[in-house]
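Trainee: I have a model open on my screen. Can you show me how to read it?
Mentor: Gladly. Let us look at it together.

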Amino acid sequence: MEEEFFRRDSKAVAKDLLGTRIRIEGLEAEITETEAYMEDDPASHAHGGKTERTRIMYESTGRIYVYLCYGIHHLLNITTNPDSAGCVLIRAAKPLEGLEKMRQRRDIEDETNLLNGPGKLCEAFGVDKDLNGSSYRSLGLEKSRSPKYETSGRIGISKAQDRQLRFYVPGSKYLSR
DNA sequence: CGGTCGATTCGCT
DNA sequence: GCGAATCGACCGT
């Protein structure tokens with residue numbers, strides 16, 4: 001996967017990341033759900049202009065943006081086209097390898113509950129702010145298939161919930177809520 | 001420098 | 001279904 005893959009509209013990248021495998025330190029999963037963000041979006045951190053935190057979305061392509069949500073959960077994003085300060089949030093995935101390590105970190109057995117949410121996914125993979133600013137290459141991304149997908153309004157945000165910016169594999173057992 | 005609030009998750013009712 | 005947990009970015013004073 002090349003950097004040019006990310007130098008596109010965040011909606012296109014969000015769609016194409018479905019069916020992509022992510023691999024970190026022996027743990028592997030296939031992405032089942034993503035969400036697109038862009039500057040022209042009241043729910044995006046980038047909405048309202050460039051700050052120290054959002055600088056990465058304005059100035060980079062294919063870089064990892066991790067942020068701490070509610071002081072508890074880390075959320076994993078990849079920056080896309082900087083012209084629109086875009087990024088894609090990885091929301092859910094199907095576990096493929098390293099399930100025992102994921103269970104250990106998540107303190108739960110059910111495999112459908114290991115990665116079915118952006119905070120859960122980061123906990124299982126051990127993702128935290130140390131990854132912030134790194135290249136997408138740290139995620140070992142590998143497109144394994146191009147599944148059918150659907151879009152929906154977004155989950156868990158307070159603004160512009162109706163925008164069709166959530167992308168997911170319909171029928172997957174590994175989706176958030 | 002204090003107040004507010006959030007792209008979530010979990011546990012309890 | 002509802003509320004708490006808990007940190008830091010951001011904004012107004």
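Trainee: In which hand does α3 pass α4 in their crossing?
Mentor: A crossing is right-handed if the near helix is turned clockwise from the far one by less than a right angle, and left-handed if anticlockwise. Here α3 crosses α4 in the right-handed sense. This is a predicted model: local features need pLDDT of at least 70, side-chain atom pairs count only at pLDDT 80 or more, and totals for chains, interfaces and linings use all residues. Residues are numbered from 1 along each chain as its sequence is written.

Trainee: Which residues of α3 and α4 make the contact?
Mentor: Contact means heavy atoms within 4.5 Å. From α3 come Met102, Arg105 and Arg106; from α4 come Lys120, Glu123, Ala124 and Phe125.

Trainee: Is Thr80 buried or exposed?
Mentor: Buried means under 20% relative accessible area, exposed over 50%, partly exposed in between (1.4 Å probe, protein chains only). Thr80 has 0% relative accessibility, so it counts as buried. Thr80 sits in the loop between β4 (73-79) and β5 (87-97). Its contacts include Phe6, Arg8 and Cys87, leaving aside residues up to four places away in sequence.

Trainee: How many residues of strand β2 are buried?
Mentor: For β2 (residues 27-37), 11 of the 11 are buried, so the strand is largely enclosed by the rest of the structure.

Trainee: In what sense do β2 and β5 pair, and over how many bridges?
Mentor: Two strands pair if DSSP finds at least two bridges between them. β2 and β5 pair in the antiparallel sense over nine bridges. Glu33 stands opposite Ala92 in β5.

Key:
Chains lettered and ligands numbered in written order. Heavy atoms only, no water. Helix = DSSP H or I, 4+ residues; strand = E, 2+ residues; numbered from the N terminus.
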